[in-house]
Amino acid sequence: MSSIANPILAEATRGTMVESFHRGRYVVMKADGTVVEQGGDIDALMYPRSAIKPLLAIPLVETGAADAFALEDQHIALACSSHNGEERHAHTVTAWLEKLGLSVDTLECAPHYSLRLASAIEQAVDHVQLTKAHNNCSGKHSGFLTTAVHLGEDPAGYIEESHPVQQRLIRVLEEMGDCDLSATPRGIDGCGIPVIGMRLRDLGLAMARMADPAGLSDARKAAVERVRKGCAADPFMVAGTGRFCTKIMEVCGEDALIKVGAEGVYCAAFPKQGLGVALKIDDGAQRGAEVAMGALLRRHSVIDDARAEILKDSLTPVLTNWAGKYAGDLRPAF
């Protein structure tokens, strides 16, 4: 990371003062590489984490795999998801894998309780048998397996960087971001797949091409449009009950494709404006990333006053104490 201090993008107030703040960096770009707006060091490397899942879903459609297995919008949305692991998510993944002739044990991610506390409590009380389908990345993994099966590839080890599945995904990131990722840092994501170091600038360009795919091949353009359509049609599958991604897309529809990633990362495509967005909060705080993304949705007219009124609890959350009394606000600071 650059030694230059990035700007403060979000702050938390308590009483009459700012108690905490979150620094970060962001870029808003056009598909031709024009930087429309930026803050902080957009050329420093970062791990995009799960924010790039819409990009990783491109091969699922582009290869013909989605059509070959008659996948619906809910499946495309799941392929882009970091879902809560609610029962609809898990049941749909299980049924999807059955379409492929596979079991949930084929997934190379680990089971865990729902990310939503109320659902996790229900699962515990009801003694739900957790499977790998409950993993928040199980939809993405199902997309990987679908493509592998369709192309006649051995699904075993599909999370390894050397596997054709992962090599295909890296090529997509390089093509969409117009960058060479062969020598950038590597790591392991929470679900086991490789994470690839990228510049925020390159990630912003990739998302701009998701927003405006006119310059892409016909097959790539069709894949991008189907990914956007699937997420807009079933935003619950992208995240779940109470989640920022789901709530924004429920209101904005195809006007905004947004996706969270771990450690304070967010990506977005604004098709009407032809803009892509990538942001990273330095301290990894998701609350800071959501407030910053909300501000960019407002600044670039994806969320107008009417939508902002509906989404006010997500855009500028109120902080309360345990008794529910108002204590402060989370708000954008740029």
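This is a predicted model: local features need pLDDT of at least 70, side-chain atom pairs count only at pLDDT 80 or more; totals for chains, interfaces and linings use all residues.

Biologist: Helices first. At what angle do α5 and α7 pack?

Modeller: Helix α5, residues 87-99, packs with helix α7, residues 138-150, at about 10 degrees, and their axes are 10 Å apart. Since angles under 35 degrees count as roughly parallel, that makes α5 roughly parallel to α7.

Biologist: Which residues make that contact?

Modeller: From α5 you have V93, W96 and L97, and from α7 there are S138, G139, S142, G143, L145 and T146.

Biologist: And by class, how many are nonpolar, polar or charged?

Modeller: Four residues in the contact of α5 with α7 are nonpolar, five are polar and none is charged.

Biologist: OK, what about α7 and α8: parallel or perpendicular?

Modeller: Their axes cross at roughly 110 degrees and come within 10 Å. The range for roughly perpendicular is 65 to 115 degrees, so α7 and α8 are roughly perpendicular to each other.

Biologist: Who's touching whom there?

Modeller: On the α7 side it's F144, T147 and A148, and on the α8 side V165, Q166, R168 and L169. The contact of α7 with α8 splits into four nonpolar, two polar and one charged by class.

Biologist: What sits closest to the centre of the largest cavity?

Modeller: I52, L56, I193, P194 and I196 are the closest, out of 16 residues that line the largest cavity.

Biologist: Which elements give two or more residues to that lining?

Modeller: Those are α8, residues 164-177, and β6, residues 194-196. The largest share of that lining, four residues, comes from α8. By class, the lining of the largest cavity has ten nonpolar, two polar and four charged residues.

Biologist: And what lines the second largest cavity?

Modeller: The lining is L56, A57, P59, L60, A79, K140, G143, F144, T147, V165, R168 and L169. The elements giving two or more residues to the lining of the second largest cavity are α2, residues 58-62, along with α7 and α8.

Biologist: Which of them gives the most?

Modeller: α7 does, with four residues in the lining of the second largest cavity. That lining divides into eight nonpolar, two polar and two charged residues.

Biologist: How does the lining of the largest pocket divide by class?

Modeller: Five nonpolar, seven polar and three charged residues in the lining of the largest pocket.

Biologist: Last one, Q123. Buried or exposed?

Modeller: Q123 has a relative accessible area of 2%. Buried means under 20%, so Q123 is buried. Its place is in helix α6, residues 117-125.

Biologist: What is Q123 in contact with, leaving aside neighbours within four places in sequence?

Modeller: Q123 is then in contact with G85, E87, Y113, S114, V128, L130 and H134.

How values were computed: Residues are numbered from 1 along each chain as its sequence is written. Side-chain values use heavy atoms; hydrogens and water are left out. Axes are lines fitted to C-alpha atoms, for helices over the stretch in contact, and angles run from 0 to 180 degrees between N-to-C directions. Angles under 35 degrees count as roughly parallel, over 145 as roughly antiparallel, 65 to 115 as roughly perpendicular and the rest as oblique. Contact means heavy atoms within 4.5 Å. Ala, Val, Leu, Ile, Met, Phe, Trp, Tyr, Cys and Pro count as nonpolar, Asp, Glu, Lys and Arg as charged, and the others, Gly among them, as polar. On a 1 Å grid over the protein atoms alone, a cavity is a set of points where a 1.4 Å probe fits but cannot get out, and a pocket is an open set with protein on both sides within 12 Å along at least five of seven lines; lining residues have an atom within 4 Å of a point. Buried means under 20% relative accessible area, exposed over 50%, partly exposed in between (1.4 Å probe, protein chains only).
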